[in-house]
Amino acid sequence: MKPATGSSGPGKVAMASTTRAPADRRPRPGGSVTTDPEGMEMTQQFDQSAINQVVASNKSTLFRCFKEEAERTPGLYAKVPMEFVIGNDGRVSKLWVDNHQFKKGPLYECLLSEMRKWPFRAYEGEQATVGLSFTIGKRG
């Protein structure tokens, strides 16, 4: 699998790394069943393949955020792992950036703003958490 890349100015590249199942393997079901203390079953209703499709189709919208951060900090090279929660309404409700430089500030705000525009389908049950990882800049 090749990482998706987007140009972010001269000598700067933002890359998204995602993992995919081999083409000959069936996708895993998109949910799990849990039981609450009263013995009632709760089924997770989100569709993992639909989520993956929205992420793949929209992650390039984040490149602007990375480009702006690279322009604010010339020579920057950083990995930006993140997780986000898709609320039951189909909108990104929370974002965690697992890099101390970007836990808050302009990059965080830009990423969250863009991700809230992503068109996930509304669903019932447990909220979905999705992980992504990007790299800002180039080594060397």
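Buried means under 20% relative accessible area, exposed means over 50%, and partly exposed lies in between (1.4 Å probe, protein chains only).

## Basis

This is a predicted model: local features need pLDDT of at least 70, side-chain atom pairs count only at pLDDT 80 or more, and totals for chains, interfaces and linings use all residues. Residues are numbered from 1 along each chain as its sequence is written, and side-chain values use heavy atoms, with hydrogens and water left out.

Helices (H or I, at least four residues) and strands (E, at least two) are DSSP runs, numbered from the N terminus.

## Disulfide

A disulfide is a pair of cysteine sulfur atoms within 2.5 Å. The whole structure holds 1 disulfide. Its partners are Cys65 and Cys110, with sulfur atoms 2.0 Å apart. The pair links distant parts of the chain: Cys65 sits in helix H2 (residues 63-72), Cys110 in helix H3 (residues 106-115), 45 residues apart. The Cys65–Cys110 link is left-handed, with -75 degrees about the S-S bond. Both Cys65 and Cys110 are buried.

## Aromatic cluster

Rings of Phe, Tyr and Trp (its six-membered ring) pair if their centres lie within 6.5 Å; planes under 30 degrees apart count as stacked, over 60 as edge-to-face, and the rest as tilted. The count is 4 aromatic pairs. One of them is Phe84 with Trp118, edge-to-face at 5.9 Å centre to centre and 90 degrees between the planes. Phe84 lies in strand S5 (residues 78-86) and Trp118 in the loop between H3 and strand S7 (128-136), so the pair ties together parts 34 residues apart in sequence.

How exposed or buried are these rings? Phe84 is buried, at 0% relative accessibility. Trp118 is buried too, at 3%. Trp118 also pairs with Phe120: the ring centres are 6.3 Å apart and the planes at 50 degrees, so this pair is tilted. Phe120 has a relative accessible area of 9% and is buried.

Asn58 belongs to helix H1 (residues 48-58). Its relative accessibility is 16%, which counts as buried. A polar atom of the Asn58 side chain lies 2.7 Å from the backbone oxygen of Val54. Leaving aside neighbours within four places in sequence, Asn58 is in contact (heavy atoms within 4.5 Å) with Trp118 and Pro119.

## Salt bridges

A salt bridge is a side-chain nitrogen of Lys or Arg within 4 Å of a carboxyl oxygen of Asp or Glu. The whole structure has 6 salt bridges. Among them, Arg64 pairs with Glu114, the closest N and O atoms being 2.7 Å apart. This pair links distant parts of the chain, with Arg64 in helix H2 and Glu114 in helix H3, 50 residues apart. Arg64 is partly exposed at 39%. Glu114 is buried at 9%. A network of salt bridges links Arg64, Glu68, Glu114 and Lys117.

Arg121 and Asp47 also meet in a salt bridge (3.8 Å, N to O). Arg121 is in the loop between H3 and S7, Asp47 in the loop between strand S4 (41-43) and H1, 74 residues apart. Arg121 is exposed at 60%, while Asp47 is partly exposed at 35%. Within helix H2, Glu69 and Arg72 lie 3 residues apart, about one turn of the helix. Their salt bridge has its closest N and O atoms 2.7 Å apart. Glu69 is buried at 9%, and Arg72 is partly exposed at 41%.

Technical notes. A polar contact is a pair of N or O atoms within 3.5 Å; within protein, one must be able to donate a hydrogen and the other to accept it, and residues adjacent in sequence count only if both atoms are side-chain atoms.
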